[in-house]
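Reader: I've got a model open and I'd like to learn how to read its strands and its surface. Could you walk me through it?

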Amino acid sequence: MNITSSAAWQAIETHRQSLSSAPLRQLFADDPDRVAALSLSFEGILFDFSKQRMASNTLPLLLALTGEARLAEATTRMFSGEKINVSEDRAVLHTALRRSGAPFPSAAFDVMGEVLPTRQRMADFADRIRSGQALGFTGQAIRNVVNIGIGGSDLGPKMLGYALRSIAHPALGVHYVSNLDGAQLAPLLQTLDPRTTLFLVASKTFTTQETMLNAQTARDWLVANLGDAAAVAQHFAALTAKPERAVAFGIRQESVFPLWDWVGGRFSLWSAVGLALMIAIGPQAFGELLAGAERMDEHFRNTPFERNLPVVMALIGIWNTNFLGATTNAVLPYNESLKYFPSFLQQLEMESNGKSVGIDGKSLTYATNPIVWGELGNNGQHAFFQLLHQGGRLVPCDFIAAVRSDFPLPGHQEALLANCFAQSAALAFGKTADEARRELGRSLSGAALEELLPHKVFVGNQPSSTLLLSQLDPQTLGALVALYEHKVFVQGVIWGLNSFDQWGVELGKAVASSILPAFADASLAEALDASTRGLLAYSRQHLA
């Protein structure tokens, strides 16, 4: 069924029309209990969505969409291991990766017999490196680890590794390489000692172009410096679903960790893809990360939808996108350690739900995932926030902050939080002409005041939610990431699309494979379009 033709959707549209003239100032003035009614909490996370353009009766209307879309049934199907990724005929079981017990998803189809032993192997491997017991080819301890991957094999572990750097091993360097541009790998190699460096190659197929070219370059560098191809066995490990290809590369079987087809790349940081992260923070902290995510899984499965954080967050996104007409969503962390969180969410959300074809193969007639973008909020205040305040565009925002700093300095955290809270308030409530006139009247009058007045008026009414974390610890961050994962799933169900394939990504890979040979053989360019032929000709000229 097209969700827009449902009675629930039509009721929301009618409600939106009646609410359109009510600014946030009025909504707050009319309801003294608004913050209590429009906020939720979960184990170290406060979710305040009172600054969204919603009335007290908006959420109940949105909740009706979950019934129309049969969200409860879809959730059961995912957690039971049904192959809900229909275009690839795969189950979606990333939640198994953070479970602490067996069987799951069922006694008849229990994947925990693979998950738990792999997790233990990862822990043993990580402990040997952290303790200095893992030796390289020349007998020296491994002191630097380089994760080579891209997309889900890079963004999640890198994001959490940076977020949890306050508890990282003090004497181990953990680095991430994803870009084909040699400007990322070459300078890093210059800082490393091949005798003490371990490379982790993260690729489900072990054929990903970017990953394998970087891995081959790292292999060549290692062999050239150590003088023996046998060194690869002690300086490389692999995270892959194709162990035979890793072994052919020169990696020992015991250094190959499995990935499974029921885990999509952007949901894989909980798997062996997280090995670099586990090495950095240790198996115990990694286990706490999994525990936080598992508790969010249980909250999502068992909490009534009206108090369910992923469901409510998803419905707010649908309200902003499909009823208020927002085309983007800004993610604004007020913690330096969450620097990579917007980039992580860009893949998680836009690769999952950036689609215009429904799960039934028919074109969708309504907007789906907005453009996700963002930056550290404190830096953004001195850059793009001007547009948010006075640019005239509707840009919903997610403000994210931790109450306690992971790197405390006197006076810094209070000032940081004050800026975060001030920006969300300023975006919501703005400044009226009367308020601006009174303010300017302290130093100006007459024509000078009236001339400056329009520049000092802020319309406000810009919607935002604030996620306030107690602190940046593994459990809280695990829950935060799982929260956004389930939000994506809920929105995909309501929009009627498959959140777990990514055929647009596959197209780009295929086209790149057809272009690459034309650099060496100009005649192969004849089958390409005129623009690409011209770009190739220019490139060949300057590469030569």
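Author: Two strands pair if DSSP finds at least two bridges between them. Strands (E, at least two residues) and helices (H or I, at least four) are DSSP runs, numbered from the N terminus. This is a predicted model, where local features need pLDDT of at least 70 and side-chain atom pairs count only at pLDDT 80 or more, while totals for chains, interfaces and linings use all residues. Residues are numbered from 1 along each chain as its sequence is written, and side-chain values use heavy atoms, leaving out hydrogens and water.

Reader: Which residue in strand 4 stands opposite Asn147?

Author: That's Tyr176. Strand 3 (residues 144-148) runs parallel to strand 4 (residues 173-177), with five bridges joining them. Between the two, the chain passes through helix 7 (residues 155-163), a right-handed β-α-β crossover. Right-handed means that, with the strands pointing away from the viewer, the path from the first strand over the helix to the second runs clockwise.

Reader: What is the bridge partner of Val146 in strand 5?

Author: Phe199. Strand 5 (residues 197-202) also pairs with strand 3 in the parallel sense, over five bridges.

Reader: Is strand 3 mostly covered or uncovered?

Author: Buried means under 20% relative accessible area, exposed over 50%, partly exposed in between (1.4 Å probe, protein chains only). Five of the five residues in strand 3 are buried. Asn144, Val146 and Ile148 point one way, Val145 and Asn147 the other.

Reader: Why does Leu543 count as exposed?

Author: Because its relative accessibility is 66%. Leu543 belongs to helix 24 (residues 530-543).
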